Amino acid sequence: MLTRRVIPCLDVADGRVVKGTNFVDLTDEGDPPELAERYAREGADEIVFLDISAAPEGRGTLLDIVERTARRAFVPLTVGGGVRSVEDMRDVLRAGADKVSLNTRAVADPDLVTRCAARFGSQAVVVAIDARRIAAPDPAIPSGFEVVVQGGRVPVGLDAISWGIRCVELGAGELLVTSIDRDGTRSGFDTDLLRAITSRVHVPVIASGGAAGPDDFVTAIRDGGVDAVLAASIFHRSEYSIAQVKAVMAAAGLPVRQVDQEAGR
Amino acid sequence: MTAAGPRVAVVDYGAGNLVSIEQALTAAGAVVHRAVTADEIGEPDLVVVPGVGAAAPAMDRLREGGFVEPLREWIAADRPFLGICLGLQLLFEGSDEDGAVTLGILPGRTVRLTGAPTLPHIGWNQVVRRRAHRAFDGIAPAADFYFVHSYVGAPARPGADDVILAETEHGSTFVSAVARGRLLGVQFHPERSGANGLRFVANVVAGAAGGAS
């Protein structure tokens, strides 16, 4: 049976792992390759590497740091930030990424999702959707969740659930869904948002935004219906280890990969 | 014989990430080189065909590099070979994904996973061996390996039981590893499967260097 994934996220700005609340007030959390290696050793099922300074500053992904990270972590690596073309995606994959995550650029150029999937396969194309609840009802946003881009700063008038369904039709093989309302707030995942998407798409969905502890991972999977759960600060600050999170998930009856069964341990 | 490790040629046909497999092979003590054309394969101890993506563009690139006949001859001579993911699927006769005619080294076709609760099948799943093979030496039965795919190679019946090495379940049971002589093909990504995966790669490298298994 397919296990549920626990994914530490490295938000990288200017070559360092950073973390802030709602994508602002960033603090330095360490070196990307070093953190990736530590997490892989501790049982991370995948690493997500988001170059959060790439899109706002209009430059390409930091390929050398991607490669150094890929060489030190023998678990899958998903890289997002600054991918604007099929050629950009090729370069990121050749630097050692297994999947590429498209966000702002997919909204501006939806056909990019299709072009990337045609070249590298849907399984390598993740679309990241940053969503927030709207303050007042809006007929253009029937689900009540709106897509925001550029690191959660700019609303684009798209319904997040409809956009998720469209991304899958365009060729996305996985969706990474972040609640901007919850991101960095440690108030738990927005399971309404997650359920609204997982009930409508067949591809795996990764939950992001709001993890405070292991119980939130269980809730995101059980109530949100997601395949995988992503978190950053609770791991960077060693508040919880990946093993602790997985132990709570296993006790709740969820299938997880246990690292201590592995060869040489 | 020098102190250098076994020589491994990794076929580079533009199908994504080669860094991970090179790193895993190097960690296993191999001396790795990329072959962009068939001439660059040289005389290695092991040929690896990695790759993800669709079959038709992959076959186009294999043809452009002149790889098709040399790979068929290499495997026909029962020399050590490892195909990973798309590198396994291409060994069959054709793919339902885009109708491509593939290498035809193994009887059977590449078909879409049926009954899957989610597709693509992305994540860690149990690889259940149907027989012993040295590639899995020291690895727990039904250990988890990393998968990322929507299609699988389906060996033709009768005869399938002679090539099936391991199976995995995701909605239905599919073939996750095949072996025939010194040919080995895996649907999972050992280069991304943590300590189990590194052990697997090391076993394959050691087997290739050690002569007939």
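This is a predicted model: local features need pLDDT of at least 70, side-chain atom pairs count only at pLDDT 80 or more; totals for chains, interfaces and linings use all residues.
Helices here are DSSP runs of H or I with at least four residues, and strands are runs of E with at least two, both numbered from the N terminus.

Residues are numbered from 1 along each chain as its sequence is written, while chains are lettered from A and ligands numbered from 1 in the order in which they are written.

Staying with chain A, the C-alpha trace spans about 55 × 40 × 40 Å along its principal axes. Buried residues, meaning those with 20 or more other C-beta atoms within 10 Å of their own, C-beta atoms being placed from the backbone, make up 60% of the 265 residues. If we call two residues in contact when their C-beta atoms, placed from the backbone, lie within 7 Å, then among contacts in chain A between residues at least 6 apart in sequence, 63% join residues at least 24 apart.

Let me turn to chain B and its sheet. Two strands pair if DSSP finds at least two bridges between them, and on that basis eight strands of chain B form an open sheet with mixed pairing, in the order β2-β1-β3-β4-β13-β12-β11-β8. At the edges stand β2 (31-35) and β8 (128-129), each of which has a single partner strand, so one side of each is left without a neighbour in the sheet. Further in the order, β4 (residues 81-84) and β13 (residues 183-186) of chain B run parallel and are joined by four bridges, and Phe81(B) has Leu183(B) as its bridge partner in β13(B).

Ahead of β1 (7-11) in chain B lies the segment that holds Ala4(B). This residue counts as exposed (12 or fewer C-beta neighbours) because it has 9 inside 10 Å, and its C-alpha is 7.2 Å from that of Val31(B), 27 residues away in sequence.

Finally, the interface: 36 residues of chain B are in contact with 35 residues of chain A. On the chain B side, α6(B) gives the most, with six residues.
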